[in-house]
Amino acid sequence: MPPDPLVKGLLSGDRIALAKLITDVESGSPRASEALRTVYARTGRSTVVGFAGPLGVGKSSLISRLVRYLRTEGLKVGVVAVDPSSPFSGGAVLGDRVRLDLPRGDKGVFVRSMATRGQAGGLAQGTRDTVRLMEAFGMDVVIVETVGSGQSDVNIRDVATTRVVVLVPHLGDDIQSLKAGLFEIADIFAVNKSDLPGSAEAVRHLREMTTIMSPRSDWRPDVTECSALNATGIEELWKKIQRHEDFVRKESSAHQESRDRLKKELRELLQRKLEERLRSMLLEDGEVEEWARQVEEGKIDPYTGSDRIVQRLSGQGRSKTVSRRSPRLDKGARPRG
Ligand SMILES: Nc1nc2c(ncn2[C@@H]2O[C@H](COP(=O)(O)OP(=O)(O)OP(=O)(O)O)[C@@H](O)[C@H]2O)c(=O)[nH]1
Ligand SMILES: [Mg+2]
């Protein structure tokens, strides 16, 4: 098959091709999976940074500052803003929430929003795929913004190699309730709004907690202070991100994490593909359809019905031709396998 011109465009830095392929990913078009297969070998080399944290702590503002800083360093940056609560994708509603403040017309930056609706393959997979397309496009850094602390549809652990959890001074009770979840995902804590009082104390408190909490790997979460408002601490944040990226490249515990990420992705993809297969068989396979009907009509119990269907799907008891005619189920008799 000749290579898709869109893929060629993507690899040669055509922004329209990138945008179109992301739309294909969202709609679950077969062209998207083909494109991803083609470019997969070119992915996995960019720095992928996830930003999470409670509502309104300044994630988008901080990302905007970081992107501007990275641009002065000559790095190309992609941003994926994930919003599970928004029903719209790429439209005005999400645009409001993301609020990225970036220079217009900069060809070295590409921003894309993702919402639940319109995600044929699920939000997590849509995010993974979009990150990969941005990597293949040639972005040095890809930043993913998610809401919440990882309990949302997209856990940034699944998509990013370095996870920044953004907090603000005086999170109060929040920090207690979030503690466990946050420590599970954070490689770096960024205490934003350091222009407000209480920042140094929050940093001290978090540092103490990082020494008490048992680490999930050899990495102890780093704590840093910044203000997106005043543009302070941004370079420091980037240095900490790089320090973690160096760690990831060297440590075997981090390699294990990357294996686990791929294992999880494979499981999720398999689940989705098998579900699709099941759905089409429920509609098209006469035998499966008949077992289903027998259950619905109360002629056989759902336990037996589901066992028979699984046997059928896994090829046991498969008849040579798929018949629209049902297996004979005499009333009251146990169906045959
Ligand atoms: N004082 C102060 N305000 C800030 C700072 N950073 C962001 N803000 C303000 O905090 C509010 C929320 O900022 P966003 O960047 O939209 O926060 P967010 O975490 O992306 O918000 P959601 O995506 O809705 O969860 C805005 O009014 C910002 O102007 C900061 O460093 N200092
Ligand atoms: Mg935001």
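**View 1. K193, a buried residue with a positive phi**. K193 is buried, since 25 other C-beta atoms lie within 10 Å of its own. (Buried means 20 or more other C-beta atoms within 10 Å, exposed means 12 or fewer, and partly exposed falls in between; C-beta atoms are placed from the backbone.) Although K193 is not a glycine, its phi is positive, at about 60 degrees. You will find K193 in the loop between β6 (188–191) and α9 (199–212). Helices (H or I, at least four residues) and strands (E, at least two) are DSSP runs, numbered from the N terminus. Please keep in mind that this is a predicted model: local features need pLDDT of at least 70, side-chain atom pairs count only at pLDDT 80 or more, and totals for chains, interfaces and linings use all residues. Residues are numbered from 1 along each chain as its sequence is written, while chains are lettered from A and ligands numbered from 1 in the order in which they are written.

**View 2. A231, a partly exposed residue with a positive phi**. Here the loop between β7 (222–225) and α10 (234–250) holds A231. Its phi is near 55 degrees, a positive value in a residue other than glycine. A231 counts as partly exposed, with 15 other C-beta atoms within 10 Å.

**View 3. Helix α2 and what covers it**. Helix α2 (residues 15–27) has 13 residues. From its first C-alpha to its last, α2 reaches 19 Å, close to the 18 Å expected at 1.5 Å a residue (the expected span is 1.5 Å times one less than the number of residues). Its buried residues are A17, L18, L21, I22, D24, V25 and E26. Their cover includes α1 (5–11), α3 (30–39), β3 (109–115) and α6 (123–137). G28 follows α2 and has a positive phi, near 70 degrees.

**View 4. The shell around ligand 1**. Of the 17 residues around ligand 1, G58, K59, S60, S61 and L229 come nearest (a residue is near a molecule if its C-beta atom, placed from the backbone, lies within 6 Å of it). Helix α4 (residues 59–72) gives the most to this shell, with three residues. By class, the shell has six nonpolar, six polar and five charged residues. Ala, Val, Leu, Ile, Met, Phe, Trp, Tyr, Cys and Pro count as nonpolar, Asp, Glu, Lys and Arg as charged, and the others, Gly among them, as polar.

View 5. Of its 337 residues, 39% count as buried.

Notes. Contact = placed C-beta atoms within 7 Å.
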